[in-house]
Amino acid sequence: MIRKHLLVVAICGIAMLVAAAGIYAKAAPDVIELNDPAYKEHKKGVVHFEHKKHQTDYAEQYPEYYKNGCGECHHDDKGKPLAKLKDGDEVQKCIECHKIPGEAPKGKKAEKKLSKKEKIKDYHAEALHANCKGCHKKFNKKYKPKKAPTTCAKCHPKSK
């Protein structure tokens with residue numbers, strides 16, 4: 001009889017561990033390395049985005065910047081915030097819509113002059129920079145000292 005109970009307890013324990021591992025595995029990583037394979041090479045160091053810091057720490061400290069929750073960064077194909085997202089939900093990678101790796105060509109390399117909206121729509125780096133730097137600039141305008149990085153070297157570590 002005791003053996004039977006031990007077996008049931010062991011099976012339940014294993015099932016709980018498997019369930020907990022499944023739940024844990026779905027959570028977004030604390031730090032996301034923005035190293036998309038669409039880029040053949042990176043001209044600057046690869047950004048290590050502190051997802052958890054933004055999602056929890058900064059969201060608690062500065063709730064006015066997180067009115068749409070995850071939708072502050074994640075949006076649909078029309079640019080509308082995906083405000084109902086929660087940790088662990090599936091999201092598309094930015095490159096799936098902003099398909100051209102890198103920044104829009106400038107100067108003589110540009111075939112035609114693109115509007116800022118066109119650049120953001122088509123070019124991956126332009127979309128990321130507009131999203132991140134745009135929010136950081138708004139933050140720095142309101143809070144002193146200016147803690148949110150807005151220069152290349154602050155987000156892109158030196159390449160080795």
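The dialogue below explains how to read some features of this predicted model.

Q: What kind of model is this, and how are residues numbered?
A: This is a predicted model, in which local features need pLDDT of at least 70 and side-chain atom pairs count only at pLDDT 80 or more, while totals for chains, interfaces and linings use all residues. Residues are numbered from 1 along each chain as its sequence is written, and side-chain values use heavy atoms, with hydrogens and water left out.

Q: How many helices and strands does the protein have, and in what order do the elements run?
A: Helices (H or I, at least four residues) and strands (E, at least two) are DSSP runs, numbered from the N terminus. Here there are 5 helices and 2 strands. Starting at the N terminus, the order is α-β-β-α-α-α-α.

Q: What does buried mean, and which share of the residues is buried?
A: Buried means under 20% relative accessible area, exposed over 50%, and partly exposed in between (1.4 Å probe, protein chains only). Of the 160 residues in the protein, 17% are buried.

Q: What is the accessible surface of the protein?
A: Accessible areas come from the Shrake-Rupley method with a 1.4 Å probe; for residues, only the protein chains shown count as cover. The total for the protein is about 13,100 Å², and carbon and sulfur atoms hold 61% of that.

Q: Which residue forms a salt bridge with Glu126, and where do the two lie?
A: The partner of Glu126 is Lys106, with the closest N and O atoms 3.9 Å apart. Glu126 belongs to helix α4 (residues 124-142) and Lys106 to the loop between α2 (51-61) and α3 (116-122), so the pair ties together parts that are 20 residues apart in sequence. Glu126 counts as buried because its relative accessibility is 15%. A network of salt bridges links Glu103, Lys106 and Glu126.

Q: What is a contact, and which residues does His136 touch?
A: Contact means heavy atoms within 4.5 Å. His136, in helix α4, is buried, with a relative accessible area of 15%. Neighbours within four places in sequence aside, His136 is in contact with His54, Ala148, Pro149 and Thr150.

Q: Where is Gly45, and is this residue buried or exposed?
A: Gly45 sits in the loop between β1 and β2 and is buried, at 8% relative accessibility. Leaving out neighbours within four places in sequence, Gly45 is in contact with His156, Pro157 and Ser159. Gly45 and Cys155 are 110 residues apart in sequence, yet their C-alpha atoms are 8.3 Å apart in space.

Q: Which residues form the positive surface patch?
A: Patches are made of residues with over 30% relative accessible area and no salt bridge; like charges are joined within 9 Å, and nonpolar side chains (Val, Leu, Ile, Met, Phe, Trp, Tyr) within 5 Å. Lys and Arg count as positive. The patch consists of Lys43, Lys44, Lys109, Lys116, Lys133 and Lys137. Lys43 is in the loop between β1 (32-33) and β2 (48-49) and is exposed, with a relative accessible area of 79%.

Definitions and conventions. Salt bridge = Lys/Arg side-chain N within 4 Å of Asp/Glu carboxyl O. Charge placed at Lys NZ, Arg CZ, Asp CG, Glu CD.
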